[in-house]
Amino acid sequence: MSGTRTLVSPATLARPRGRAVYWTVFTGVVLLFALAFLFPVYWMVTGAMKSPDEVARTPPTLVPEDWRTDGYTDAWDLMDLPVHLWNTVVQAAGAWLFQLVLCTAAAYALSKLRPAFGKVILGGILATLMVPAQALVVPKYLTVADLGLLNDPLAIWLPAVANAFNLYLLKRFFDQIPKDVLEAAEMDGAGKLRILWSIVLPMSRPVLGVVSIFALVAVWQDFLWPLMVFSDTDKQPISVALVQLSQNLPLTVLIAAMVIASIPMVALFLVFQRHIIAGISAGSTKG
Amino acid sequence: MKTVEHRPAEAVGIRPVTAPPPAHGRGRRRLARQGRAYAFLVGGLVCFALFSWYPAIRAVVIAFQKYTPGSSPEWVGTANFTRVFKDPEFADAWRNTFTFTVLALLIGFAVPFVLALVLNELRHAKAFFRIVVYLPVMIPPVVSALLWKWFYDPGTGLANEALRLLHLPTSNWSNGADTALVSLVIVATWANMGGTVLIYLAALQSIPGELYEAAELDGASLLQRVRHVTIPQTRFVILMLMLLQIIATMQVFTEPFVITGGGPENSTVTVLYLIYKYAFLYNDFGGACALSVMLLLLLGLFSAVYLRLTRSDGEDA
């Protein structure tokens, strides 16, 4: 990377004055990032460790006087966090599984099996990209209600499959798999399912990873849709429960619950950050 | 792809084991092949039909009906539209949504672009910057909203504390009718900026270095280089992200719902929020669908432009 020329030339940077400016800007950006992005997170994590008096104090304390953990334990018990976290995990995992199985199968069919009206179907799927999801929540809600799926995780799982973006991503990837490879397998007597399972899928690991992360994050972060379909408190995912209960909780307990709700996705990000960042960056150059 | 279809004899020859008797072979084989293809397709197809295609049609139908779940719907012509138009909140919601979109575009475009521009020049701690800027995106939006609601708290909030520290007058932030919308735009920008910055960064990295070199030889200053090299070279990505952002911010819901509840004085009610209210507070699904259709048409227009651009320009770019 250091070899590529950017806005400022390497020659300018090599000069003493250029170097001084560079390090000033660098320090400024580090401070800005720390203040803008890390400090709010620090404030949240430590806010939950303060006592109820301390958290309401002005001016606030930068570091908790004594690092208490009862905010976290209270949140865990008072808010039924295990229930809501489990609901979220079930909803996210199910949506991921349904999407992976049904979208992959459909993308494979559209890409390699030449179904009749395949072009029309693909057109219909791509057309839904033009229809912003949120604008259709009310009729979607009514359909889910008619099917008797309210307060059922299927209300998350099945609509998640209707994800044109992920399906198209998969199809485009499958399109690139050379035909000869599949034909060779067919000559050896492998069925379509066998070909999908032992040839197409292993070759598609990168795209499956991207789709998996998108699927999990989308469900974990969603708010409006689960707010509509889960009126039952026991069934609500963590995002809905947090908002519903936020009015009646002591501040430290609420903040602790917020931290706990953020941990899974932040952890996922830190583990897979390289893939996630590469995936997002690749999306742009592809155009 | 077509060659196999036109030479069935060869295809049969390849698989002698499964080849049916030649008389009806072709038709039956094709039928079996279609059956297999649709077996793979059907699950996804049913989901799209039920949760994408049908709701889109249904929104239009219910917009002209009096609809109460459980009882049979009645046709009411354009009554839903006229009722919604007369609602004083209707104008508020559209005005707020447009203001929010424009503000988000101004702040949400300029800040990430400048940030990406600066980050692209830094040669150290690259991974650190990328992780940190993307961190808020991974925090659930509900948590971001609640966190900023706490920051904006007039008593114990960090926002006013920061102003006091700098000896500046304090603000009502999300609790004041004229500052609430801007406060929400700040939250949305903070929470969503990471993705935009990363995409701009990728676009900046694809600019050939020779262009800068040539510009510098011609005596172009730093700002001139930004204006005549960087911006023209990334024009396509900039336009894409702007359109995507318009589409996303026109559907804003979580921030006003969690932080302000649409208040104070309806200053943060958005169109999607109003749709939610019509459906779940007024139990008026006809009105909710009438509003949805309006939002759909407007956003559909933006989406169509977006898809056109990505298709045509993307290919030869």
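**Close-up views of a predicted model**

**View 1. Residues at the centre of the largest nonpolar core.** In the largest nonpolar core, which holds 156 residues, Ala106(A), Ala257(A), Met258(A) and Ile275(B) touch the most other members. A nonpolar core is here a set of buried Ala, Val, Leu, Ile, Met, Phe, Trp, Tyr and Cys residues joined through C-beta atoms within 7 Å, and a residue is buried if 20 or more other C-beta atoms lie within 10 Å of its own, exposed if 12 or fewer, and partly exposed in between, with C-beta atoms placed from the backbone. The largest share of this core, 18 residues, comes from α9(B). This is a predicted model, in which local features need pLDDT of at least 70 and side-chain atom pairs count only at pLDDT 80 or more, while totals for chains, interfaces and linings use all residues. Residues are numbered from 1 along each chain as its sequence is written, and chains are lettered from A and ligands numbered from 1 in the order in which they are written.

**View 2. Surroundings of Met258(A).** Leaving aside residues up to four places away in sequence, Met258(A) touches Met44(A) and Leu242(A), together with Val143(B), Leu146(B) and Leu147(B); contact requires that the C-beta atoms of two residues, placed from the backbone, lie within 7 Å.

**View 3. Packing of α9(B) and α11(B).** Helix α9 (residues 180-205) and helix α11 (residues 222-249) of chain B pack at an angle of about 160°, with their axes 10 Å apart. Helices are DSSP runs (H or I, at least four residues), numbered from the N terminus, and the axes are lines fitted to C-alpha atoms over the stretch in contact, with angles from 0 to 180 degrees between N-to-C directions. The two helices are therefore roughly antiparallel, a term for angles over 145 degrees. Residues of α9(B), including Ala188(B), Ile199(B) and Tyr200(B), meet Thr234(B), Val237(B), Leu241(B) and Thr249(B) in α11(B).

View 4. Gly263(B) and Pro264(B) are joined by a cis peptide bond, with omega about -15°, and Pro264(B) lies in the loop between α12 (254-260) and α13 (271-280) of chain B.

**View 5. Two loop residues with positive phi.** Although not a glycine, Asn151(A) has a positive phi of about 60°, and its place is in the loop between α7 (137-146) and α8 (154-161) of chain A. Asn151(A) counts as partly exposed because it has 13 C-beta neighbours inside 10 Å. Trp173(B), also not a glycine, has a positive phi of about 50° and is found in the loop between α8 (158-165) and α9 of chain B; with 24 C-beta neighbours inside 10 Å, Trp173(B) counts as buried.

Note on methods:
Parallel < 35°, antiparallel > 145°, perpendicular 65-115°, else oblique.
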